[in-house]
Amino acid sequence: MMLEQSSIVHVDAVTGVANPEPAVERNYGSARTTFGPGGRVITIITSLESSRLIITGLPETFTLERLQSMLQPFSGVIHAKLNEIIRKDGRTRSLSASVEFAHPNQASDAYAALDEAAVGPSTLACRLEKPYQTGSGSLRTTTVQLSWRAPACMAFAHYDTREEASRHVQRLDGRYFRGSQVSATLMNQQGVLPTFRRRRALSYHEHSAQSNYTVLIKGLPVDAGDEDVEQWTSSDSVDLRLTYNEEDGMRAVEALMEEIGPVISFRHLARTAQRQKCLVTFRDADAVVTAVAKYNSTQQGAIGKGILYAKALWSIRWYVLPRHFTVIGAELKEIREQLREVQGGTHLYIESGDTRTTLTLSGDDPKDFGAVKRTIQGLIDGDAVVDEKGSLVWDPFFDTPAGTSFIHYLSDQTKSFVFRNSKRQMLTLSGTSAVKAVAREQILAQVGKQRFIGPLDPQTWRQLVSGDLKELEAEIGEETATLDATKRLLVIRGSEEAFRTAKTFVQNATAAIRAGLPTTMTACPVCFCDPSNVVQLRCGHGYCNACLKDYLLSASSTKTFPVLCVAAVAQGTCASPISLATIQQILTTEQERTFFRSAFSAYVQQNPKEVRYCPSADCEWVYRPQPAGSSILLCESCLQRVCAACHVTAHEGLTCEEYREAGTPDGLATKLYKKANNIKACPGCGIDIWKDEGCNHITCGGCRTHICWVCMATFPRSGEVYDHMSRVHGGIYD
């Protein structure tokens, strides 16, 4: 039997205000995200968090009303139910409750208050359905390296006299047979000969009767042949035996590991003449501890009573596109050879495939492993493209088909690898210093071709939307002129001549506009024409269906959220959020998916203190920032270990403080340069900002934080910055 509380309306976890319409939920970056009107993000629940609380130990007489009363002090309850478990004899055994909260923080607050609380004679036991999985600050690994003596061949060479056998022992002991050094000893006549791998015509006892003296030869290669060994030992009769079967031994070792816990992979490494090695990756890091404690330095019959060695191993795997590997492959192979020459515990394996190259780095020393990993990660990540001021270079153009073609052309022409990270709105370059410099110059030149005209007045904007834009493109070329509906700008991408032509075109269009154009409240707020195929918003303003669709798509491109009504009113603009129902009505399924994904991406960019992307290139998994010392997370998407305090791939062998102190070789020079050139880091997201003139109110281009440049204080709205600067600093200028 199940008792269930009726659903409660969604409540905004930030404002505490009930949403007038059902929220939209989507999964991006392995996070469950709730969107409100205008595409505003209401809540994000990452894959490491839980908003559901399970309560057990409730008294048998507990009721739904008492559950509701118990939950009354806690905010954000959106759903609750009682589960009643019945014995086979019909008597109630126990009650449990599950409670869904709007946000994980609210579930955590309820957990802290209710766990082990007394309810009558009972004591409650609570748990979050999926608890936080942040690890400790120490490095944990899920990989074990196993090694043992490789199978070898033993030979029993028979001789007629003791003198002859002794002479051959002296001749053979320590010699090499096809690259393998062997040992030779005279066997005790009463010794028991183990089962042969293959037998000749005579048995061992028959040999003993005819040939009384046997020499045991160890260390022969496994593929040694009878006739070759007979000739090499000068014996008329030789019996060969393997120490153990290689495949059987491997299967037996793998079975030992599977007894410990779930195994993700059991990977054979290249076998040498003396040693067999493999890498075992467990699902749980605790299994590594068990495997090492239980099996290291133990004798195993399945491998010829040899000693099995087990040690924890740090490993990481990267997948590199062929075009990318073509550029950085030589440096990666050089690192591999250097590691081989050192003959330490860190190794790099490179496996080339048709669609990707797999790089696997493994090591048993965390500091050595971390240093090599950092070098390889730097090669893969490349260098971010920045301008002369040190700011990241980005333009929406790079997300267009023309921009994609430009990136591919640039990579081929310069022999570099240009990676477009749309999620973080940045470009990175891989290759030699020379080719990266050439590629960067061409990227800056491309971005430098963009010019803006506007904001345009309503009448001129109307003329462009109504058809003049196509006339302008006919003059300066297709895809060179676009409209930014969110800022009412004409964007020109091309030569200086194209910009001058466009500027003249706009000036002539403005001068030619006649009086009497629609300026009433009934005009479409986008094109300023009478609305066609009108869409009425809840605020009462009407838009052309096509104009509203373009406006929504423009917001997706510029990541301007939430999307608000831009109709003019007496106090300025309406600014009412566009309802989710209208958004879903206007956009196609694919456009709607892009819209909400862009809203999610914009929120992550603008709220770095709340949520962050995995630092791996092009990985969309998100996590919550954590304090130093308890900050190692495992990305559930790319399986990269992430430091959630430093926001980089886990810095093995270094604490957060040590990593930050290490910095870069030119860290001091960079700091001095920034100070001399008035460059400061945004307090919100950390991106570098350069200020050369104007007032001391700065808006970060990344997270949109409003900043006082003098003291770097931050504010939610621009008006508060100006009040602060006037009151605290005596004005808005230096």
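**Close-up 1. Arg178 in a loop between two strands.** Arg178 counts as partly exposed because its relative accessibility is 46%; buried means under 20% relative accessible area, exposed over 50%, and partly exposed in between (1.4 Å probe, protein chains only). Arg178 sits in the loop between strand E13 (176–177) and strand E14 (180–181). Its phi is positive, about 50 degrees, although Arg178 is not a glycine. Helices (H or I, at least four residues) and strands (E, at least two) are DSSP runs, numbered from the N terminus. This is a predicted model, in which local features need pLDDT of at least 70, side-chain atom pairs count only at pLDDT 80 or more, and totals for chains, interfaces and linings use all residues. Residues are numbered from 1 along each chain as its sequence is written, and side-chain values use heavy atoms, with hydrogens and water left out.

**Close-up 2. Ser297 between a helix and a strand.** Ser297 lies in the loop between helix H7 (285–295) and strand E20 (298–300). Ser297 is not a glycine, yet has a positive phi of about 60 degrees. With 45% relative accessibility, Ser297 counts as partly exposed.

Close-up 3. Two strands pair if DSSP finds at least two bridges between them. Strand E12 (residues 153–159) and strand E16 (residues 213–220) pair in the antiparallel sense over 6 bridges. Tyr159 stands opposite Tyr213 of E16.

Close-up 4. Helix H8 (residues 322–342) has 21 residues. Its first and last C-alpha atoms are 28 Å apart, close to the 30 Å expected at 1.5 Å a residue; the expected span is 1.5 Å times one less than the number of residues. H8 bends by about 60 degrees at Ile328, the bend being the angle between axes fitted to the seven residues ending there and the seven starting there. Ile328 is buried, and other buried residues of H8 include Phe325, Leu332, Ile335 and Leu339. Just after H8, Gln343 takes a positive phi of about 60 degrees.

Close-up 5. The structure holds 0 disulfides; a disulfide is a pair of cysteine sulfur atoms within 2.5 Å. For Cys524, the nearest cysteine sulfur is that of Cys527, 3.8 Å away. Cys524 is buried, at 0% relative accessibility. The sulfur of Cys539 is 3.8 Å from the closest cysteine sulfur, that of Cys574, which is too far for a bond. Cys539 is partly exposed, with a relative accessible area of 32%.

**Close-up 6. A cis peptide bond at Pro562.** The bond from Phe561 to Pro562 is cis, with omega near -5 degrees. Pro562 is found in the loop between helix H14 (545–558) and strand E32 (568–569).
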